[in-house]
Amino acid sequence: MVDSIKVAVRLRAPSKREEDLSPIVQVVSGNTVLAKSVDQRGFSRNFHFDHCFSSSNDPEEDQEKLYDSLGREYLLHALDGYNTCIFAYGQTGSGKSHTMNGQPSAPGLIPRLCKDLFEVRDLLAPTKDGITVELNVKCSYLEIYNEQVRDLLAGQDANNSISSCRVRERLDRTTFVEGLQEFTVHTVDEILDLLEQGNEIRVTEATHVNDRSSRSHAIFTIALDQKEISPLGQVLERKSHIKLIDLAGSERASASGSKGERFKEGSKINKSLSSLGRVISMLAKKNKPKLIPYRDSALTWVLKESLGGNSKTCMIACISPCDYEETTSTLRYATIAKSVKTAAHVNSYETSEQKEQMELMKRQLNDLQETLSELKDQKAIQDQMEKIKLTNDFLEQRIKREREQTVEYYDQLVQASTERDQLTQVLLSIAGSIQNSDLSDLAPVIERLQTDSRILGSKIDSDLSFCNKISGLT
Ligand SMILES: Nc1ncnc2c1ncn2[C@@H]1O[C@H](COP(=O)(O)OP(=O)(O)OP(=O)(O)O)[C@@H](O)[C@H]1O
Ligand SMILES: [Mg+2]
């Protein structure tokens, strides 16, 4: 299924540092922001996105609104079996960490999604059709610091250093982080503890712009493994993951006041964000090039699938209210990201148990088809027998009729034979009477009559014996 990256913009309220500055951007509707330059140029431009959020005086309510309009949607996609990804992008201090992690008084999208996930898990009950659903949850947490991928849940060694991992490519060209630890979690507290544990280790430092500036990109991954078991024991498995990303912010060294280690971190962050920008603008092209430079940075290499592959992806572009250059640059970048297409599909598998079940059903179907064709053959034989029986009945009727006629004919023949004998007697006596009389010239006539009578008599005799033969009469 072809999907576009969904883009939301979040405008934060002016901070204490910005109190004396004039805001240059405002959210004018649920999906439009207006940016105006305050210098003599007076440029102004509307930007349109899937969602635009402004800030109120109630950070908790703002966080809830953002989660309800966006976060829950991606949790539901993941429960449907889609890989999903939400990443917060923007200049330093624009509100990315606030959006993704938030504070205890106003939790961000990640803790809210975890809470919602376990609430959904606890509600899973057998359906009306008797289907039961098992949901297993695992999580992992990594950061990309100075281009190194580090496992935030693996703990630190004696020198307080975090173990680093390599990004590898699978045969199907998707990438994964080798050796990254995944933890099975059973309760919302367990998953939030791991999130907290990772956040404590993640590198953050105070800069001129942000007291708690993220110096690394952080990727919190929740892996879902769902099994739908039917009453017949068929198992449909769905595997998906949710990647929740709090990027480090782009920064101008002059504005952030970074020096030494901070400056080095800042330039690495900028380099990987430029590489992310290049990948996004190439993916957004109508005729996108065959070779996308994912390998240019650890960030794009890790996010290869989320940016241009099997994922429903959402970008939350965080903007500051008073920095025209940085804010419009983020808005232009976010506009390009809207055109990036991904190819999300449901990751569902029939487990072997179900395959076996299918094989069994196929075999049963074949057996049934064979029995059916045998039955058809038997039916043909039965039809034939029926025809033969009908013909037989008809012939028996006919023989019966013929027999009756033959008996009738036999009776007639017996009658004729008696009459013939009487006639022969009469002819004999006539022949005796006319001998030596004046009627002697009638003798030839009598003789002819006697001959005819004999011929007729022998015919009657042969018919009688024929009748005897065919009817079994005596
Ligand atoms: N929408 C918001 N409502 C209230 N406070 C906010 C909001 N967005 C940001 N803030 C506050 O602004 C400060 C900077 O925000 P945050 O640390 O989230 O920025 P960031 O984009 O993560 O910056 P960096 O790239 O340096 O890590 C924080 O004190 C945060 O609480
Ligand atoms: Mg941050």
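The points below cover the numbering, an annotated site and the ligand shell.

1. This is a predicted model, in which local features need pLDDT of at least 70 and side-chain atom pairs count only at pLDDT 80 or more, while totals for chains, interfaces and linings use all residues. Residues are numbered from 1 along each chain as its sequence is written, with chains lettered from A and ligands numbered from 1 in the order in which they are written.

2. An unreviewed UniProt entry places a "binding site" at Gly90, Gln91, Thr92, Gly93, Ser94, Gly95, Lys96 and Ser97. UniProt positions are in the numbering used here, feature names are shortened, and annotations may be inferred rather than shown by experiment.

3. Thr92 sits in the loop between β7 (84–89) and α2 (96–100); helices (H or I, at least four residues) and strands (E, at least two) are DSSP runs, numbered from the N terminus. Thr92 counts as buried because 24 other C-beta atoms lie within 10 Å. The cut-offs are 20 or more such atoms within 10 Å for buried, 12 or fewer for exposed, and partly exposed in between, with C-beta atoms placed from the backbone.

4. Gly95 also belongs to the loop between β7 and α2, and is buried, with 25 other C-beta atoms within 10 Å. Beyond its neighbours within four places in sequence, Gly95 is in contact (C-beta atoms, placed from the backbone, within 7 Å) with Arg10, Arg12, Gly90 and Cys318.

5. Ligand 1 is surrounded by 21 residues, the closest being Gly95, His98, Ser213, Ser214 and Gly249; a residue is near if its C-beta atom, placed from the backbone, lies within 6 Å. Two or more shell residues come from each of α1 (59–79), α2 and β16 (213–214), and α2 gives the largest share, three residues.

Conventions: Two residues are in contact if their C-beta atoms, placed from the backbone, lie within 7 Å.
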